[in-house]
Amino acid sequence: MESLESNKGNSLNEDFYLEEFDREAFQDIANTFVRRVYENVDNYKVNRVGQYDDGNVVVEGTINFRSGKSKDTSFLFKL
């Protein structure tokens with residue numbers, strides 16, 4: 001997956017929300033995914049959904065660990 005660094009030339013439209021994007025459904029899928037990748041995950045929460053000028057969509061969220069720590073993460077979808 002391409003890193004967000006490669007999208008530096010594209011500005012992120014923070015006010016853009018995909019009308020058909022179901023945050024709860026994505027959050028369920030992301031929770032399943034991060035729990036398989038990390039052993040100590042409590043949950044994943046979607047914080048923001050936006051679209052770059054080039055059409056790529058980014059979902060930003062936070063992974064919360066059972067230890068009390070958290071890590072911000074992004075999922076990039078190329079359209």
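S74 counts as partly exposed because its relative accessibility is 26%, where partly exposed lies between buried (under 20% relative accessible area) and exposed (over 50%), with a 1.4 Å probe and protein chains only. The model is predicted: local features need pLDDT of at least 70, side-chain atom pairs count only at pLDDT 80 or more, and totals for chains, interfaces and linings use all residues. Residues are numbered from 1 along each chain as its sequence is written, and side-chain values use heavy atoms, with hydrogens and water left out.

**Overall architecture**
- The chain contains 1 helix and 4 strands, taken as DSSP runs numbered from the N terminus (helices H or I, at least four residues; strands E, at least two).
- Read from the N terminus, the order of elements is β-α-β-β-β.
- Of the 79 residues in the chain, 30% are buried.
- Where contacts (heavy atoms within 4.5 Å) join residues at least 6 apart in sequence, 44% of them link residues at least 24 apart.

**S74 and strand 4**
- S74 belongs to strand 4, which spans 70–77.
- The C-alpha atoms of S74 and E60 are 4.4 Å apart, although the two residues are 14 apart in sequence.

**The largest pocket**
- S74 is also one of the residues lining the largest pocket, together with F33, V34, V37, Y38, I63, K71, D72, T73 and F75.
- A pocket is an open set of points on a 1 Å grid over the protein atoms alone, where a 1.4 Å probe fits and protein lies on both sides within 12 Å along at least five of seven lines; lining residues have an atom within 4 Å of a point.
- The space in the largest pocket is about 160 Å³, a volume filled by probe spheres set on the points.
- Helix 1 and strand 4 each contribute at least two lining residues, and strand 4 gives the largest share, 5 residues.
- By class, the lining comprises 6 nonpolar, 2 polar and 2 charged residues; Ala, Val, Leu, Ile, Met, Phe, Trp, Tyr, Cys and Pro count as nonpolar, Asp, Glu, Lys and Arg as charged, and the others as polar.

- D22 sits in the loop between strand 1 (12–13) and helix 1 (23–37).
- D22 is partly exposed because its relative accessibility is 44%.
- A polar atom of the D22 side chain lies 3.2 Å from the backbone nitrogen of E24.
- The backbone nitrogen of A25 is 3.1 Å from a polar atom of the D22 side chain.

Methods:
Polar contact = N/O pair within 3.5 Å; in protein donor to acceptor, adjacent residues only side chain to side chain.
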